[in-house]
Amino acid sequence: MSLEPRAPAAVEPASICLDVLLSLGRHGLTQRPRRADLDSRALEMALTFQHKGKPGNTTLSCWHAGPAEQDTETALRAYLGMGLPSIRWMHMAPAGDALAPLHEALRAPVDADARLVLCGMHAEQGEGSGLLPIALAERLGWRWVPGVVAIEAIEPISSGVAQAVVLQALPRGQRRRIAVRLPAILGVEAAAPAPRQSAFGPARRGQLLQLDSGAEPPTDPAGATWPFMPATPRPKRLKIVTSANARERFKAAAAKAESGSGRVLEQVSATEGATAILDFLDAEGVVSRAAVTNARQGNGR
């Protein structure tokens, strides 16, 4: 999908504050600590935007809320190796909720005309549900934009008000350009540019600024009893073949699932969109034919 060229960008705000939330990653095979892939892509996006802007125009701050462990320091120094001078590390208990200290840190006013927070769509450890940035945006009263792959510009709208023009990833490789009023939190998708290599020298020279998270963050007693296990891919749905020939049944089971039955609906009415969704649910056997008929009659009112 080709995007139309943008009009010449307006003058950037006098000062821009970028905050990046960094979490602890872990390799899927060796289980060794590392930088999280999505968070490192968010940091790469922030560093690239800072490099392209005017000198001294953009201030970059990186935050991490987690326990003081050796594994955590190893992963954070991998972020420092990307060229960061320091990372602000708020110590907290292993079962503590990172939402409270991050909210206290980000709600503090900054001397900037525009403020933008970047993070990965979900973490690689713990629950990994991706709800933290959504809950953080709701508590701060900021806007939340998921699936971001690039920041094109930050432009002033009026006195003291700015907007960010970003590219959002859509299914089937499509892209959508949207403008969001700041302050806002952006969730970076896996389709964003890959992060740069972490260098050993900057990783050793960078500083981990240990901060006090304030009052002890609340803990989730139910989460402490949850069993955690490595995630496994879901089994693929196979087409059932009723042929008595064993060769035909084997070919059908080994064949790749064909795609192309999906449709991209653009500029359609609410009734047409609802009808397409109901037809898909009926074909997949999620709802019965009677439920689909009743829903269609309800939409026709």
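The legends below describe close-up views of a predicted model.

View 1. Of its 301 residues, 35% count as buried. The chain exposes about 18600 Å², and carbon and sulfur atoms supply 54% of that area. Among contacts with a separation of 6 or more, residues 24 or more positions apart account for 70%.

**View 2. The open sheet of nine strands, with mixed pairing.** The strand order is β9-β8-β7-β10-β6-β1-β4-β5-β11. At the edges lie β9 (175-181) and β11 (207-212), each of which pairs on one side only. On average, neighbouring strands of this sheet are turned by 30° against each other, direction ignored.

**View 3. The pairing of β1 with β6.** Strand β1 covers residues 16-21 and strand β6 covers residues 114-120. The two run in the parallel sense and pair over five bridges. Leucine 18 has leucine 116 of β6 as its bridge partner.

**View 4. Helix α2 on the sheet.** Helix α2, residues 70-80, packs on the sheet and touches β4 (58-66), β5 and β11. The direction of α2 makes about 155° with that of β5.

**View 5. Alanine 93 in the loop between β5 and α3.** Alanine 68 is 25 residues from alanine 93 in sequence, and their C-alpha atoms are 8.3 Å apart in space.

Conventions:
Residues are numbered from 1 along each chain as its sequence is written. This is a predicted model: local features need pLDDT of at least 70, side-chain atom pairs count only at pLDDT 80 or more; totals for chains, interfaces and linings use all residues. Side-chain values use heavy atoms; hydrogens and water are left out. Buried means under 20% relative accessible area, exposed over 50%, partly exposed in between (1.4 Å probe, protein chains only). Contact means heavy atoms within 4.5 Å. Accessible areas come from the Shrake-Rupley method with a 1.4 Å probe; for residues, only the protein chains shown count as cover. Helices (H or I, at least four residues) and strands (E, at least two) are DSSP runs, numbered from the N terminus. Two strands pair if DSSP finds at least two bridges between them. Axes are lines fitted to C-alpha atoms, for helices over the stretch in contact, and angles run from 0 to 180 degrees between N-to-C directions.
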